[in-house]
Amino acid sequence: MKKVPFDPGFAPFVLVFSTSYTYMVDEVKKFKNANQRKMKYRALESGIMKLCDNLISFYFGGMLYGAYLKNKYKETPAELEGNDFLTWTLEECKKGDVAIEVLSLEKFIKSNDKNPFATKKINPKYISVIDAYIEFLEKNHYFIDVKTTDDIKIPTLLSYANKYKEASVDEIFATIQDAINSKKIEKLLTSKYFEKIKA
């Protein structure tokens with residue numbers, strides 16, 4: 001059976017969101033005065049938004065890669081190499097870093113509109129991406145038993161890829177590779193696949 005990587009190369013470019021978000025919340029809470037809180041929040045806002053963009057890019061890219069693998073090897077499934085989650089239990093995953101990051105980012109994205117200190121609006125498509133990624137994790141049981149491309153379950157957001165012919169499937173991978181090779185995975189947020197998302 002052919003072997004393909006579980007991660008096409010995203011890992012070196014993925015930043016940590018949750019610790020920075022917790023730090024920002026704690027720092028803002030130190031001030032009792034609303035104006036001081038607002039100033040502190042706004043001083044940290046640009047940095048947290050960049051982390052948000054980065055993680056959304058990773059989540060979207062991971063789902064795109066899953067859609068590529070599922071459809072590229074539809075007829076002859078390939079073995080996945082490098083899936084560290086095979087040694088985890090579902091309970092460990094639900095309490096682990098992946099879940100912490102996802103839930104932290106989800107909280108930030110979904111509370112942004114109601115945050116009186118926020119000056120930067122989050123792209124409403126980010127909500128669709130985070131919801132789809134949670135679906136992706138849950139459908140695949142956090143990848144604890146995903147050993148081949150046939151085991152991968154695609155979230156509804158990207159189900160359109162199941163109708164793609166081979167050339168279009170290969171184009172998905174070319175887009176992912178281009179973002180990884182550029183060392184800026186945020187490029188995925190300007191791809192035609194991201195444009196397809198409905199807010």
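Is H141 buried, partly exposed or exposed? In this predicted model, H141 comes out as partly exposed, with a relative accessible area of 38%; the cut-offs are under 20% for buried and over 50% for exposed, with partly exposed in between, using a 1.4 Å probe and protein chains only. Residues are numbered from 1 along each chain as its sequence is written, and side-chain values rest on heavy atoms, with hydrogens and water left out. Because the model is predicted, local features need pLDDT of at least 70 and side-chain atom pairs count only at pLDDT 80 or more, while totals for chains, interfaces and linings use all residues.

On to the overall fold. The protein chain carries seven helices and two strands, these being DSSP runs numbered from the N terminus (H or I over at least four residues for helices, E over at least two for strands). Going along the sequence, the order is β-α-α-β-α-α-α-α-α. With a radius of gyration of 18 Å, close to the 16 Å that the globule rule gives for 199 residues, the protein chain is as compact as a globular protein of that length. That radius is taken over C-alpha atoms, and the rule is 2.2 Å times the number of residues to the power 0.38. The C-alpha trace spans about 60 × 35 × 25 Å along its principal axes.

Take the contacts (heavy atoms within 4.5 Å) between residues at least 6 apart in sequence: 79% of them join residues at least 24 apart. The accessible surface of the protein chain is about 11,000 Å², and carbon and sulfur atoms hold 53% of it; areas come from the Shrake-Rupley method with a 1.4 Å probe, and for residues only the protein chains shown count as cover. On the charge side, there are 32 positive and 27 negative side chains, and the centres of the two sets sit 7 Å apart. Here Lys and Arg are positive and Asp and Glu negative, with His and the chain ends not counted; each charge is placed at NZ of Lys, CZ of Arg, CG of Asp or CD of Glu.

The loop between helix 5 (125-139) and helix 6 (166-181) is worth a look, and T149 is found there. T149 counts as buried, at 1% relative accessibility. Leaving out neighbours within four places in sequence, its contacts are V4, L69, K70, Y73, P77, A78 and L80. Most residues other than glycine have a negative phi. H141, though, has a positive phi near 50°, and F143 has a positive one near 70°. F143 counts as buried at 8% relative accessibility.

Over in helix 2 (residues 34-72) sits F58, which is partly exposed with a relative accessible area of 23%. Not counting residues up to four places away in sequence, F58 touches F10, V14, Y133 and I185. F58 and P124 are 66 residues apart in sequence and, C-alpha to C-alpha, 17 Å apart in space.

With a disulfide defined as a pair of cysteine sulfur atoms within 2.5 Å, the count comes to zero.
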